[in-house]
Amino acid sequence: ATDPKFVQEGVVVDACPTDGFVTVGKECFRCPEGCKTCTQSTVQNKVVQVCSACFTNFGFALEDATIGGNVVKVCNQKQCLTDKSKYWNGSACVACTADCEVCDKDKCAFCGKDKVMKVASDGTRTCVAASTGCGAGFFANEQMICKPCDSTCATCISGGPDGCLTCTDSAKVVLSTKIHIDKNNQESDFEKQTGSTTVAPKFEVDPNQKFGGKCEANCNGVEGIAMYAKSGVCTVCEPFGCTACDSSGVCTACDKKKGLSLVTDAATSKKVCSKCTLLDKGCLLCQDTDNTKCKMCKFPEYSLDTTTNTCVKKCSSGFFAKEMTLAASDAPPTKTMLKYNQ
C-alpha cells in the first residue's frame, strides 16, 4: 500500500505543515493571517478557518471578533510592526525605552529628535538629551551614540585608553602623543634671521584636546619635547627651543645644542629662547650674521646706537634719535641714533 498523500493549495505533499495550516481529510487549508494553528468551522453557512493560536513573535495576538453576529477568534496584528518605537514582548506591545524612535527587539536602535543613545557597560541603552551631553564617563561617537570611556578615563573624547580628557586617578596626567607644528605661526620674511625665535614654529600637544591622550604618571613620555602639567593635561613648554619649564609653564632652560640662550624678550617681556643675546637689552632683532649685534630696537623706548650696535634709551652727546623704517614690508617702526648734521 502506498502512503497517503495530501493536497496543499493544488500541490501534492506528503504531509500538511504543522504551522499555519489545518488538516481536514486529505487537504491542507491555510490558516488566516497571523494564525499559527487553526480549526475549520462553519460560519453563516460558510466553511472558514478559525484561529486557535497566533504567531506571537510577529506581533499577532488572539482576540475575539464578531463576524455575521458570531464571535470567533482571530489574530490581530498589533502596532509593533507599524510603530517602530515598540516591540512585542509576547503578550503586548511595549516601548523598548523612553524617547526611542526605532526598536531592535527589546533594545533601542535609534533615539528620537534631539536625543543621543547612551550605552552602558552592561549593554543597557537609554535615550538622553543631546544638549546635556553623554555625561561623565561617556563620549558620543560618530553615530551619536554615547559609549563608555575606558576605565582609566574620568572623561574622554573617544574610546580606548588613549581617548582620555581627564583621568580616573587624579594623581595622573593626560599625555597626547599627537604632536604637531602650528603652521599658522611660521616666520615671516622679515623674521627669517637667526636672532628671532619669538615667532618661530611652535610645537603643541593637542591644545584643544581634539584627540585626548593616555593617563600617565608624568609628562616625560615624548622624547625631545619638554612639557609640564597644566590642569591635569601635559602641555608643551614654550617658546620653541625650551628644554625645561616650571609648573606654570615659564621656560627655565633652552636648547644649547642649537645655540639658544634664555633671555627676556623686550617686545613681550616674556622668557624666550633665542640666538640673539641682546633681546633682554631692548633689542628686537639681532643682525643676520652676528647674534651679538642689534639690528632693531624696541620702539619707541630704545634707539639703535650704530657705533656699538646696541640699544640705548638716551642718545650720546652729539647724537639724536630719528624714526626710521626698514625695507621689509612687515617691519615695525624703529629709531636709529644719528649724529647731528648727518
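Predicted model: local features only at pLDDT ≥ 70, side-chain atom pairs only at ≥ 80, totals over all residues.
Residues are numbered from 1 along each chain as its sequence is written, and side-chain values rest on heavy atoms, with hydrogens and water left out.

The protein has 0 helices and 34 strands, these being DSSP runs (H or I of at least four residues for helices, E of at least two for strands) numbered from the N terminus. Of its 342 residues, 36% count as buried, that is, under 20% relative accessible area, with exposed meaning over 50% and partly exposed in between (1.4 Å probe, protein chains only).

Strands β5 (residues 35-43) and β6 (residues 46-54) pair in the antiparallel sense over 8 bridges, pairing being assigned if DSSP finds at least two bridges between two strands. The hairpin that they form has 2 residues between the strands, and Q44 takes a positive phi near 50° there, while T42 has V47 in β6 as its bridge partner.

The whole structure contains 4 salt bridges, each defined by a side-chain nitrogen of Lys or Arg within 4 Å of a carboxyl oxygen of Asp or Glu. Among them is the pair of R30 and E9 (2.8 Å, N to O); because R30 lies in strand β4 and E9 in the loop between β1 and β2, this pair ties together parts that are 21 residues apart in sequence. R30 is partly exposed at 48% relative accessibility, whereas E9 is exposed at 51%.
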